[in-house]
Amino acid sequence: MKKFPEANTYFWQGNEACAEAALATGCRFFAGYPITPASEIAEYLSKRLPQVGGIAIQMEDELASIGAVVGASWTGNKAMTATSGPGFDLMQETIGWAFMTETPCVIVDVQRAGPSTGQATKCGQGDVMQSRWGTHGDYSAIVLSPNSVQEMFELTIKAFNLAEKYRTPVILLADEVVAHMRERIIVPSSESIEIINRRKPKPGEKAFFGLEEIPPMPSIGEGFNIAVTGSTHNEYGIRFTADPIVHRQLVERLNNKIQKHAEEIAEVETYNIDDCQIGIVSFGCTSRAIYEATENAEAKRIKVGYARLKTIWPFPEKAVRQLAETAEKIIVPEMNLRQIFYEVQRVANGLTEVIPLNKIGGGELITPEELFEKIQGSIKNE
Amino acid sequence: MSEPFSIRKYLRPIPLPFCPGCGGLTVMSEFLRAVHELGHENLSNFVFCSGIGCSSWIPSPHFIADSVHTLHGRSIPVATGIKLLRPDLNVVVFGGDGDIVGIGLSHFIHAARRNLDILVIMVNNMVYGMTGGQVAPTTPFKAKTTTTPYGSFEHPLDAARLAVTAGASYVARWTTAHPNELKESMKSAIEMKGFRFIEAVSQCPTAFGRRVGFKDAGEMLKWFKENAVQIEQAEKLSEEDLAEKIVVGEFVQKQGPTLVETIYKVIEEAQKEIEKD
């Protein structure tokens, strides 16, 4: 057997694709705690990581899992964890710490139906706002949303690349459907995969937390005498917990380094966003319904355009604004009780009417028929 | 030991955060003295992790070394990630009783169970000092704190005995009135593998001592000295006799397979197997 899968077409599960992608980017550390519907990632990596010289360990809880991941990242290794809603809750404090200490790492949240234990085995998309605002304080999250097994692979690679490039935690916001389904996946050759690694400091450099928008990141044990802290710190990592300017500069830079590059980070699949009657903004498993619904609408001579968000946060405003300028109405289907909806409404800013289409419970998806009916209904209302 | 010991050699030239009379300074200086006596000219073979609390400021950012100041209670998980990927480095955790056996207790037990190769030094001042003197899991029964104004109605946790039960390779407890013993234990522990735990019972005159009737740090040290019982002696005493005592000494010193050894063996075998296929 080869250490990595050859370029070929495979029939994989979403969680499996995510795990293989992590290995392909050079991830060499996984720490996690069992939780449905994310456990397969831990199981798969527990077998595969040692084969490539890496480590997978099951920790005592999610607090420990994400803590170990952040520690691993400071040794210069790529590291990740995978969880679902309840575990994602427990990780929030440390996600804030990773943001404050500018630690690249990947957190996979395979969403299930909440709140609380909810319907543990059923799909949901209720963690959209949590993935953006889950930890306290002013911070900016990068959150990606795959809608297929292929994208579980591609966006896992992208998640690692963004984490390394911007020196920040990145969340892969998957869901039970994309994580558990099996479908065809085309795995590229490992040479053709673009891999970004964190910028390392030159010998003698001392400022790892400022001066530049994205400072270089040394590793533990290289002689840099790194001081890492989640307390407000200056560019040398030394705590400054009373100075208003040090705090302002740090927190504004941490937010700006993501917000200023929002359009560069944004990845959106668009169709007719500059020429349509009805617009759709969708993401994750729900967005699998947009293709058939669009076809059905076009058969009825209704012009549909859509923006399918692969990046949810920072919110891809440009594509959504374009759609809002064009479409008479925008439909936002999601498996929650309105989360992305309000964000679309904010960006549309009165330019067009935004219509929610929500469904929760039992892991029931919004079907192409339901979406098509909503499209038709929106036309009839005029 | 060619040069005489100088604590400044290991410290950044920035002010220390400790209150007058704090035992944290004793723990800091005895640790650095241990490092010096073991022949480490600097701290480049060490990584320090700490959580939240006064004693978490012992290494961070004062030691001229790699130091990771983590969240409250999470220093051991972070140290786990570091140690597993840099087994060549000596990973040392500093923390208070609240940090290590209050909010972070489960990590402490599991790291001992795994025999994870780290040294945990717990400064036990029997109180939440940094937040103003609230009751801790280590506060003596009936002691008055800001959140037990009528006296604590709980019994304190014996962290050293817990570490032994959980599977630690080395466990010792001393007080800040035993600086030399503390330093010697630190030297032994630094040189060992597996999970090592040293509890330093320490005085917090600011947030604890003055509320339980001690005039100053000196009185607290006297209390430690007078109430300390060596573990060999303690074994002969009844539970009643030991109620107000502090049992000190080396609780365990043993060698068994450590987490680093076991995990790297797994990697080696998995790699051999995949190359064979």
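Biologist: At what angle do α4(B) and helix α5 (residues 159-166) of chain B pack, and how far apart are their axes?

Modeller: Before the answer, a word on the source: this is a predicted model, in which local features need pLDDT of at least 70 and side-chain atom pairs count only at pLDDT 80 or more, while totals for chains, interfaces and linings use all residues. Residues are numbered from 1 along each chain as its sequence is written, and chains are lettered from A and ligands numbered from 1 in the order in which they are written.

Modeller: In general, two packed helices are described by the angle between their axes and the distance between the axes. Here α4(B) and α5(B) pack at an angle of about 40°, and their axes are 8 Å apart. Axes are lines fitted to C-alpha atoms, for helices over the stretch in contact, and angles run from 0 to 180 degrees between N-to-C directions. Helices (H or I, at least four residues) and strands (E, at least two) are DSSP runs, numbered from the N terminus.

Biologist: Which word describes the way α4(B) and α5(B) lie to each other, and what is the hand of their crossing?

Modeller: The two helices α4(B) and α5(B) are therefore oblique to each other, given that angles under 35 degrees count as roughly parallel, over 145 as roughly antiparallel, 65 to 115 as roughly perpendicular and the rest as oblique. Their crossing is right-handed; a crossing is left-handed if the near helix is turned anticlockwise from the far one by less than a right angle, and right-handed if clockwise.

Biologist: Which residues of α4(B) and α5(B) meet?

Modeller: On the α4(B) side they are B:Ile109, B:Ala112 and B:Arg113, and these meet B:Leu162, B:Ala163 and B:Ala166 of α5(B). Two residues are in contact if their C-beta atoms, placed from the backbone, lie within 7 Å. Sorted by class, this contact has five nonpolar, no polar and one charged residues, where Ala, Val, Leu, Ile, Met, Phe, Trp, Tyr, Cys and Pro count as nonpolar, Asp, Glu, Lys and Arg as charged, and the others, Gly among them, as polar.

Biologist: At what angle do helix α1 (residues 14-25) and helix α2 (residues 39-51) of chain A cross?

Modeller: The axes of α1(A) and α2(A) cross at roughly 40° and come within 8 Å, which makes α1(A) oblique to α2(A). This crossing is right-handed, and the contact is made by residues including A:Cys18, A:Ala19 and A:Leu23 of α1(A) and A:Ile41, A:Tyr44 and A:Leu45 of α2(A). By class, there are six nonpolar, one polar and three charged residues in the contact of α1(A) with α2(A).

Biologist: Now for sheets: in what order do the five strands of the open sheet in chain A stand?

Modeller: Two strands pair if DSSP finds at least two bridges between them. In chain A the order is β11-β13-β12-β15-β16, with mixed pairing. At the edges stand β11 (268-271) and β16 (353-358) of chain A, each with a single partner strand, so one side of each is left without a neighbour in the sheet. Neighbouring strands are turned by 15° against each other on average, direction ignored. One pair is β11(A) with strand β13 (residues 304-309) of chain A, which run antiparallel over four bridges, and in β13(A) A:Ala307 is the bridge partner of A:Thr270.

Biologist: Which helix lies across β12 (278-283) and β13 of chain A?

Modeller: That is helix α10 (residues 290-299) of chain A, running at about 175° to β13(A). Helix α12 (residues 340-348) of chain A lies across β12, β15 (329-334) and β16 of chain A, at about 160° to β15(A).

Biologist: How many bridges join strand β10 (residues 227-229) of chain A to β2(B)?

Modeller: Three bridges join these parallel strands, and A:Thr229 has B:His69 as its bridge partner in β2(B). Nine strands form the open sheet to which they belong, in the order β10(A)-β2(B)-β1(B)-β3(B)-β4(B)-β6(B)-β5(B)-β8(B)-β7(B), and the pairing is mixed.

Biologist: How many residues of chain B are in contact with chain A?

Modeller: There are 34 residues of chain B in contact with 40 residues of chain A. On the chain B side α2(B) gives the most, with eight residues, and the residues of that side divide into 19 nonpolar, 11 polar and four charged.
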